[in-house]
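Subject: Structure handover

Hello,

Here is the structure for you to look through. My notes follow below it.

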Amino acid sequence: IEQQMSVIKNNEVFIIDVASIIYCESVDRKTFVYTSESCYETKFRLYEIEEQLSSFDFIRTSKSSLVRLKYIRSVKVELNHKLRLTLENGEQLIVSRSYSEQLKQRLGVK
């Protein structure tokens, strides 16, 4: 299934393939979409993106971020039961405690 999303960069609207999205993050009431090429802004709220992308194996990692499972390179258990994800693009994200169990189950990690 090809699905596309409109995103904004430098006041220009781009149509990108959802398949190219590595993760999404919400910062200061703005939502950003990261691909391997670029970072875009979107008008959608994170929960709306989560609904749109549920069939693409995105998983909530904190109140402010969603990650596509296939772009997770490694998982490291941190103190306080948090997880540190290293993504294919080298970025690292912390998975908050409330989401770490669900992520471990999806990845089959103990």
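Which residue just after H2 takes a positive phi? Gly108 does, with a phi of about 70°. Helices (H or I, at least four residues) and strands (E, at least two) are DSSP runs, numbered from the N terminus.

Some ground rules before the rest. This is a predicted model, in which local features need pLDDT of at least 70, side-chain atom pairs count only at pLDDT 80 or more, and totals for chains, interfaces and linings use all residues. Residues are numbered from 1 along each chain as its sequence is written, and side-chain values use heavy atoms, with hydrogens and water left out.

Confidence

pLDDT is the predictor's confidence in each residue, from 0 to 100. The protein averages 92. A pLDDT of at least 70 is reached by 99% of the residues. Of the elements, strand E5 (residues 39-42) has the highest mean pLDDT, 97. Helix H2 (residues 97-107) has the lowest, 90. Where pLDDT is low, the predicted coordinates should not be read in detail.

Helix H2

Which residues of H2 are buried? They are Ser100, Leu103 and Lys104. Buried means under 20% relative accessible area, exposed over 50%, and partly exposed in between (1.4 Å probe, protein chains only). Seen down the helix axis, the buried residues of H2 fall within an arc of 100°, so they line one face of the helix. That arc is taken from the directions from the helix axis to the C-beta atoms. Ser98 and Gln105 are exposed on the other side of H2. The cover over the buried residues includes E6, strand E8 (72-77), strand E9 (83-87) and strand E10 (92-95).

Glu101 pairs with Lys104, with the closest N and O atoms 3.6 Å apart. Both lie in H2, 3 residues apart, about one turn of the helix. An α-helix has 3.6 residues a turn, so residues three or four places apart point the same way. Even so, the two partners have their own accessibilities: Glu101 is partly exposed at 49%, and Lys104 is buried at 15%.

With Val75 and Val109, Leu107 forms a nonpolar patch on the surface, with about 170 Å² of accessible area together. Patches are made of residues with over 30% relative accessible area and no salt bridge; like charges are joined within 9 Å, nonpolar side chains (Val, Leu, Ile, Met, Phe, Trp, Tyr) within 5 Å. Accessible areas come from the Shrake-Rupley method with a 1.4 Å probe; for residues, only the protein chains shown count as cover.

Thr61

Thr61 lies in strand E6 (residues 58-62). Why does Thr61 count as buried? Because its relative accessibility is 0%. Contact means heavy atoms within 4.5 Å. Leaving aside neighbours within four places in sequence, Thr61 is in contact with Leu66, Val67, Leu85, Ile94, Val95, Ser96 and Tyr99.

Other salt bridges

How many salt bridges does a search of the whole structure find? It finds 6. Side chains of opposite charge can pair when their charged atoms come close.

Glu88 pairs with Arg73, with the closest N and O atoms 3.9 Å apart. Glu88 lies in the loop between E9 and E10 and Arg73 in strand E8, so the pair ties together parts that are 15 residues apart in sequence. Glu88 is partly exposed at 41%. Arg73 is partly exposed at 49%.

Arg84 and Glu78 meet in a salt bridge at 3.0 Å, N to O. Arg84 is partly exposed at 26%, and Glu78 is partly exposed at 24%. Lys76 joins these two residues in a network of salt bridges.

Positive phi in loops

Most residues other than glycine have a negative phi, and most peptide bonds are trans. Asn10 has a positive phi, near 50°. Asn10 sits in the loop between strand E1 (4-9) and strand E2 (12-17), and is exposed at 68%. Arg29 also has a positive phi, near 65°. Arg29 is in the loop between strand E3 (21-27) and strand E4 (30-35), and is exposed at 75%.

Best wishes

Key. A salt bridge is a side-chain nitrogen of Lys or Arg within 4 Å of a carboxyl oxygen of Asp or Glu.
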